[in-house]
Amino acid sequence: ARLQQNQDLTFRRADLVPVLYIRYDRRYFETPRGVRVTLDRDVRFADLLGSRHLRPWGWARSSRAVAEVKFAPERRVEVAQMLAGFPFSSQRHSKYVLGLSFFHHVNYL
């Protein structure tokens, strides 16, 4: 069904079903100048799509750690210089989409 502009989206609880369980260890850091970093490690996924149980069975584990850096726009150059020495690349990332790809529900490159 196609949505019309300004159409109200409402969901009943029965319409919503869990599809993925995501578990990870998160650490928080902040520099004295207000740059905040979260580091997610030991990221694990369990497929719930089509399951009648909310209890996850069969964990899949990602070998990646995810660092998210948040800062005020005026700190952009400073943060870029700070990150230039790190051995990783900056890119968009979604733990949800990565988890779905582990169970072949989506393709994620």
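## A quick tour of the chain

Let's start with how the chain folds back on itself: among contacts between residues at least 6 apart in sequence, 54% join residues at least 24 apart. Keep in mind that this is a predicted model. The chain has 109 residues, and 19% of them count as buried.

**Overall layout**

- You can pick out two helices and four strands in the chain.
- Starting at the N terminus, the order of these elements is β-β-β-β-α-α.
- The chain exposes about 9500 Å² of surface, and 51% of that comes from carbon and sulfur atoms.

**The largest pocket**

- Rolling a probe the size of a water molecule over the atoms is a way to see where empty space is left.
- The volume of the largest pocket comes to about 830 Å³.
- Its lining is made of 22 residues, and the closest to the pocket's centre are Ala 67, Glu 68, Phe 88, Ser 89 and Ser 90.
- Three elements each give at least two residues to this lining: strand E2 (36-47), strand E4 (66-70) and helix H1 (76-83).
- Which element supplies the largest share of the lining? That's H1, with five residues.
- Sorted by class, the lining holds 13 nonpolar, four polar and five charged residues.

**Helix H2 and Lys 95**

- Helix H2 covers residues 95-102, and Lys 95 is part of it.
- The buried residues of H2 are Lys 95, Leu 98, Gly 99, Leu 100 and Ser 101.
- Strands E1 and E2 are among the elements that cover those buried residues of H2.
- Is Lys 95 buried or exposed? Lys 95 counts as buried because its relative accessibility is 17%, and the cut-off for buried is under 20%.
- What does the side chain of Lys 95 pair up with? It makes a polar contact of 2.7 Å with the side chain of Asp 40.
- Leaving out residues up to four places away in sequence, Lys 95 touches Ile 22, Tyr 24, Arg 26, Asp 40, Val 43 and Phe 45.
- After H2 comes His 104, which has a positive phi, near 60 degrees.

**Val 79, in helix H1**

- Val 79 sits in helix H1.
- Val 79 has a relative accessible area of 2%, so it is buried.

**Glu 30, in strand E1**

- Glu 30 belongs to strand E1, which runs over residues 20-30.
- Why does Glu 30 count as exposed? Glu 30 is exposed because its relative accessible area is 55%, and exposed means over 50%.
- Setting aside neighbours within four places in sequence, Glu 30 is in contact with Val 35 and Arg 36.
- Along the chain, Glu 30 and Lys 70 are 40 residues apart, yet their C-alpha atoms are separated by 9.5 Å.

Methods: Residues numbered from 1 in each chain as written. Predicted model: local features only at pLDDT ≥ 70, side-chain atom pairs only at ≥ 80, totals over all residues. Heavy atoms only, no water. 1 Å grid on protein atoms, 1.4 Å probe; cavity = no way out; pocket = protein on both sides within 12 Å on 5 of 7 lines; lining within 4 Å. Points joined across faces, edges and corners; volume = space filled by probe spheres on them. Nonpolar A, V, L, I, M, F, W, Y, C, P; charged D, E, K, R; others polar. Buried < 20%, exposed > 50% of the residue type's maximum accessible area, 1.4 Å probe, protein only. Contact = heavy atoms within 4.5 Å. Areas by Shrake-Rupley, 256 points an atom, 1.4 Å probe, with all protein chains shown as cover. Polar contact = N/O pair within 3.5 Å; in protein donor to acceptor, adjacent residues only side chain to side chain.
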